Structures are given as structure tokens and as C-alpha cells.
Amino acid sequence: MRWDGQTVGADDGALPGLERSALGRLGLVRTVRTPEFADVTFHEVLAKSALSKVPAASKMPFGWTVNPYRGCSHACRYCTSPETLVLMADGRQKPIRDIRVGEQIVGTVVDGRYRRYEATAVLAWWRTIRRAYRVTLADGTEIVASGDHRFLVGGRGWKHVARQERGYPQRPFLTLNNTLMGFGNGRAAAEPTVAGPSEEYRRGYLTGMIRGDGMRLDKTYTTASGRPVRVTHFRLASADAEALERSADYLTQEGVALKRRPFSAASATRRAIDCIYTGRRADYEKINRLVAWPGDPTEEWSRGFLAGIFDAEGSCSRGILRVSNKDEEILSRTSASMDRLGVPNVRERSNPRGVGGVRVVGGLPSRQRFSRLVRPAITRKLSVLGGAVKTAADLRVVSIEDLGFEQEMIDITTGTGDFIANGVVSHNCFARPTHEYLDLDAGRDFDSQVVVKTNVAEVLRAELARPAWTREPVAMGTNTDPYQRAEGRYRLMPGVIGALADSGTPFSILTKGTLLRRDLPLIAEAAQRVEVGLGVSLGFADSPADEELQQSVEPGTPTPRARLDLIRAVRAAGLPCGVMVAPVLPWLTDSRDHLRRLLDAVADAGATGVTVVPLHLKPGTREWYLQWLEREHPRAVAGYGRVYARGTYALEAYRQWLWDRVEPLLSERGFRSSGHRSRSGATGRFPDDLTPHDEGDYPSGALAGMPRDGGGLQVAGADVQQVLF
């Protein structure tokens, strides 16, 4: 998109006196505000230097660094309401509030004359409070978004929800009768009223699944002696585990005891099939009662029945969704249930074998409506990937309402730059203490006032060409993350990487941002010419509880699971990948259980080395962190006062205690010891008055001002050179 910015001097909302501040002295060109980063101001400067000498007092094991940014846009803001439904790659729709970094969703790409649906990864997720607008389409689709959000308009490109506020250059915005691209979600009146499967839904699902694909046997045999023997048997076989597991779960909830076994082995043309079964007469009779046709089916039963019969006998081939069967009762019930839910359908003639069908009409909008209302279990039948983005539904904008209040908004960043929100194509939005040198504070300003060195690559290339440059290693990501969200827009790192490789300068990159994936081919090419090291910062394990703490500590950054996937991608590209387990938070993430789970995950992802670093509390960071600690974990305040009594770094006694805890865990996972030894000659026993609780993690909370630089305790892994630090 075109960024809206003005030069300093106009009433642009920049900080008062900015042109006379340290930023002005740095070569400020303009201050930019953009809807993609609400509440974040970017100060674009022409840097006079790119290489920064690292002070010896910082205890860093490298001498030079490059920081394209000062401040960090990771913790950013925004754009659609939390209830907005996002189309997942498996064909389902999921509220944007429940989306997680690393998940596969549907975006779009231009392919010749057409725009097509394509799977894409979620790279970032964040929230903020914004003024709300409701956009209503002719088919009944509604979407609540901020005025800055953009949608794809047929024949007109991307348009914002609302016009730009007075004083800014005008931008394209939605007007009545603009037609959005996608399939729409239709009217909300027929939406499910319950979040989970009700009893009626479960019974309907079992009726469709078992009548469509199950076997029920009740037969009396006569033995050789003439004695009659009654045999009852139920079996349900499927190649799709999703449907089989859902059926087993629903039957178990009804008190049916089941067994599971292989039914048929895989062949060159067929998938393996498993089955669930029971021979108990009481269970057989209970199943018969569950799948009996209801005299007056409810709406929830109809939803469940359609899900079950679709999983059993449905298909979606070449964009045509149909249910096929020989049983007239099943076909009639299927058509009636679709009519009840407002899914347009037609009956198809039976073929010579007597198989008839019910076909959904109306293209992708109707198919998505069916999927959303019915919620089948088998995801492979629902995919839209590869299909052209065509507007079959009436997606004309009929109203745009300023709701007159602010509310929570959420947005995501994806690999394709867009996603499908409520059925329409929606555009996504793309070291604290150092800020004090710029007359900015280390807290709020670090998040909201980001300095961008727009000419960093050109200046760096000139500095590297000087005869005095001896090609010492350069480390990036040690102060602010070079792959923070703003990099998706400014794209400074490709030029930096190229300059370093062309000059023969070895370099390393540390990041917590999955945007690194974009440059992996470029980095792999650079590694053919210079020594390259890559590192991922990861301080939390990947269980749901750990993820909750991680998101509160590092809002807007990729989850542990997404960063583990990034490690795998780096290794798949043939590059080394060290992991910085940092920061280790005393009393919060230094328990044996947490460290064990984290190192297990890191080893499984293929990391080539591990560095463990306890929390640092530099001036600026320290004040923000301790304010949070006193508010959220008052019991830990006294302990932190002792552990950090001497300033920035944890006491040697704590570092030795942490080493004694970590060293055996590293050895068990094949990470070689670096031979850490206490400078003070400590025995390894943590003093009684400083010992943290072993397993006593405190409740999670929103940490502010986490330090990102290295130093302190060094626990090296496979090869120290590949660990970067």
C-alpha cells in the first residue's frame, strides 16, 4: 500500500520539537504514520553509519553489529473484530481471535488472468482498540473492521473501509455499490446457536454417518445341533480418521462400548481403512435407537445429519458438492435438511445402478455456507485451494456504518499479504534502552516510535569497502529484531545481507520473527561465500500454558510452535540454526520441568546449538520490568532484589545455579558442554536465601520491556561457532 507520511514541520502528530531532537540530528527525513501500524510512528532517517562497534563493557562475544531499526514494531495493533471468521487451509472457518502464528490459512495469489486461493502461513497476530465500522453486503454478509482496513474490490483493487481523516492525503475507500471479491458468508440468521455439538447434533451426525456407511447385522443362525443363535453386530469403517474418531466419540458419550481395529490394508490405489465395532446386543440396540428417524427433526439434528451423511456419502469434486445414495429416504432427508438451513440444492436423477444424488447449487458461496453451518469432520472434502476467486454471490456494499465507539480489533500478517475474512478477500497489515539516546523513553516509545534507517544497506556497503575494514564478524538482532513486522514493509535486510556477503564479511542473525523465512534463499546463497550463523530466540516451551505466558510476555510475536517450525525451515535450507533460550525468567521459566520440555522441543526441531541466558535488567528496561513484577508477582519482588542486587546481570550465584540445572539437560540431548566454570569459584549450590521455587511458577502476566541482547551465562551446544554468541 501507499504509506501516508509528511515531512517534519507539518502538523503530522510527531513528537514536539522532533526536528531539534536527537532524531533530527540523526538525519530525519520524514515521519510516517500508516493504518497498517496503528499507534506506531516510523521516523525515517538517513543514517550516517551502519556498522556499530559493540562496547567491551557489554560482555558481548562479538565486536560489531548492524541495526536497521531502533525500537520494535513486534507488539503492534488490529483491524477486524475478534469474531471475524478466517478461512483455514483445511476449508473450515475460525474466529480471528483464535488464530495462532504458524497456522495455515487461505490467502490469494495472482495467476495469469486470475486470482486464485492458496494456502499461506500466519506470520504475526496482534490486537488493539480501534473505532469500529460495520460493512454490510447485499447477500447479508457483515464485517466489523477499523476504518483503515482494506478489502479487494472487483475491478478497483484494494480500498479502505473509510476515507482518510482530515489533514491527510486522500486514499481509495469503499463506496456504496462497490463489489467485494470472495464468496461472502451470507445472512447471519441461520448461524449455529451453540459453539459445541449439542445432543441433537450428535444424534443427527450418527444417523447420517451410520445409515450412510455403517453395517448393522441382526440375524439368527441355526447351529448343527438345531439350536437357534442370534447374532448382533455393528461396524463402521472409514479411511478418514476424522469421521471415525468423531463417530466413536459421539457413541462413547451415549454409553456405547466400542473396539477399533484395521479393516483393510493400504494398496497402490486405496488408503488404509480402520473400523469401530461392537457385538454387544445392548450396544447394538442402543445404536438403533440413536439412528432412528425422528418424527419432527430439529434444526440442530438437521445440521448433524448433513455433516454425517456428507462424511459418509458426500463428495466435493471440481467445485460440485453432492451427497449420493440409493436410499430414497436418505436423499429426501438430505434435501429437506438443506432446505431448512437455506442451502440451495437440486435432486439428481438416479444412474443405471440406482444411485441418486442431492447437489448443492450456487457455487462456492453455497458450499461455504454448507460447511460453516453443518461442520463436517472430513476436512479434505472442503478445500478451496487452487480455485479461482470469483464473485458468484451478490457482494455489493450496501452500507458502511460508523458505529460510534471503539472496540478490540485483531489483525494478522500472512505470507500472501491477505486472507479471507467473513468470506471476502481482506488485506493484512504488515533495544529499549537505546531509545533513551534519541530523547525517547524505553517503554511506550520503544513500541510506538520506531526509527528506520532507510539507507542502511547503501551506507553499510560503503563502510565495508573501506581499506581499514578487516572483515570481522557482524552480529544482527542483538539489540532490536531485524525481522520485526516493519521489515515486511521496508525490506532492508536483503540489502544488508547482500552487502555483507559481497564484501566477504561473516555475519549472524538472531530473531524471533518468522519473516526470516522470506530471505532464507538469499542467506543460503550468501553462506556459499561467507560464514553465516542463524539463531532463533525462544524462551518458552510450546504447551498451551507456556504459549499463554509467552504471548503475555511477547505480545504480537510468533508462538513457540511457530518459532520451532522456523528452526526446521532453516535446517531444511541447509543452514545452521542456534537457539537462544532467553530470557530465562527467575521464578517463572527456570524450573526443571519447563527447561526440560523446552530443550526437548529445540532438539527435536534440529537446532545445532543452544545458548541459555538469564534475564538482564538494564537501566530503562529494569524500571518497566520491576513495575510489572510488583503489580503481578509481588512475592517475587524481594527475590529479584537479591538476584539483581548488583545491577544489570543476575548474581554469579544464580548463573552458577542455573548452569548446574541446565548442563545435564543439555548433555542428555546431545548438546556438548562448553565447560562453564564459575569465575567466583562457586560450588554450584545456590545460597538458601536466593533459591528460586523449583516448580512454583507464578501466574502469567503482561511483561513489558524484555531485554533482547546476549551476554551473561553462555551454554554452548554442538558447535560454539554456530551458536553465534
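In which strand does Gly609 lie? In this predicted model, Gly609 belongs to strand E30, which covers residues 609–614.

**Salt bridges**

The count of salt bridges in the model comes to 35.

| Pair | N to O distance | Relative accessibility |
|---|---|---|
| Arg97 and Asp98 | 3.9 Å | Arg97 36%, Asp98 32% |
| Glu142 and Arg134 | 3.9 Å | Glu142 43%, Arg134 25% |
| Asp593 and Arg597 | 3.0 Å | Asp593 32%, Arg597 29% |

In the pair formed by Arg97 and Asp98, Arg97 counts as partly exposed, and Asp98 likewise counts as partly exposed. Glu142 is partly exposed as well, as is Arg134, whose side chain it meets in a salt bridge.

The pair of Asp593 and Arg597 can also be placed within a helix, since both residues lie in H16, which spans residues 592–605, and they stand four residues apart, about one turn of the helix. Asp593 is partly exposed, and Arg597 falls in the partly exposed class too. Elsewhere, salt bridges with shared partners link Arg461, Asp502, Glu525 and Arg529 into one network.

Notes. Residues are numbered from 1 along each chain as its sequence is written. This is a predicted model: local features need pLDDT of at least 70, side-chain atom pairs count only at pLDDT 80 or more; totals for chains, interfaces and linings use all residues. Side-chain values use heavy atoms; hydrogens and water are left out. Helices (H or I, at least four residues) and strands (E, at least two) are DSSP runs, numbered from the N terminus. A salt bridge is a side-chain nitrogen of Lys or Arg within 4 Å of a carboxyl oxygen of Asp or Glu. Buried means under 20% relative accessible area, exposed over 50%, partly exposed in between (1.4 Å probe, protein chains only).
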